[in-house]
Amino acid sequence: MGKKTAGEWNKGFARAENIEDRKISDNGGDGHPRYAGVDGMSPFVKRLWKGKNIHTSHRVQTIKPGKEGWIVEGEAGDIFLFQQKGF
């Protein structure tokens with residue numbers, strides 16, 4: 001088995017119950033796990049996108065779901081389709 005890329009980070013955050021009194025809830029969050037990269041997020045993303053065509057230096061205007069994946073529209077009018085195969 002390969003090296004672990006992501007792990008559980010926490011199960012929620014404390015929340016302010018009364019801003020004026022600066023009261024903070026210590027109930028430990030909502031119980032839903034949050035995940036983070038074990039060695040930061042960069043290795044996680046590199047593994048996730050290994051073998052895929054990565055576009056750099058493009059500003060994204062919109063991201064929307066398509067029939068076969070995600071449609072990403074750039075600020076300059078360029079359009080990219082990211083298929084969901086392998087996820």
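This is a predicted model: local features need pLDDT of at least 70, side-chain atom pairs count only at pLDDT 80 or more; totals for chains, interfaces and linings use all residues.
Two strands are said to pair if DSSP finds at least two bridges between them, and strands (E, at least two residues), like helices (H or I, at least four), are DSSP runs numbered from the N terminus.

Residues are numbered from 1 along each chain as its sequence is written, and side-chain values use heavy atoms, without hydrogens and water.

I begin with the sheet. Three strands, in the order β5-β6-β7, form an open sheet with antiparallel pairing. Its edge strands are β5 and β7, each of which pairs on one side only. Between β5 and β6 there are five bridges. Isoleucine 63, for instance, has valine 72 in β6 as its bridge partner.

Next, the largest pocket. A pocket is defined on a 1 Å grid over the protein atoms alone, as an open set of points where a 1.4 Å probe fits, with protein on both sides within 12 Å along at least five of seven lines; lining residues have an atom within 4 Å of a point. Among the lining residues are Trp49, His55, Ile63, Val72 and Phe80. The elements giving two or more residues are β5 (60-65), β6 (69-74) and β7 (79-83). Which element gives the most to this lining? That is β6, with three residues.

To conclude, Ile63 and Val72 are bridge partners, and both line the largest pocket. Thank you.
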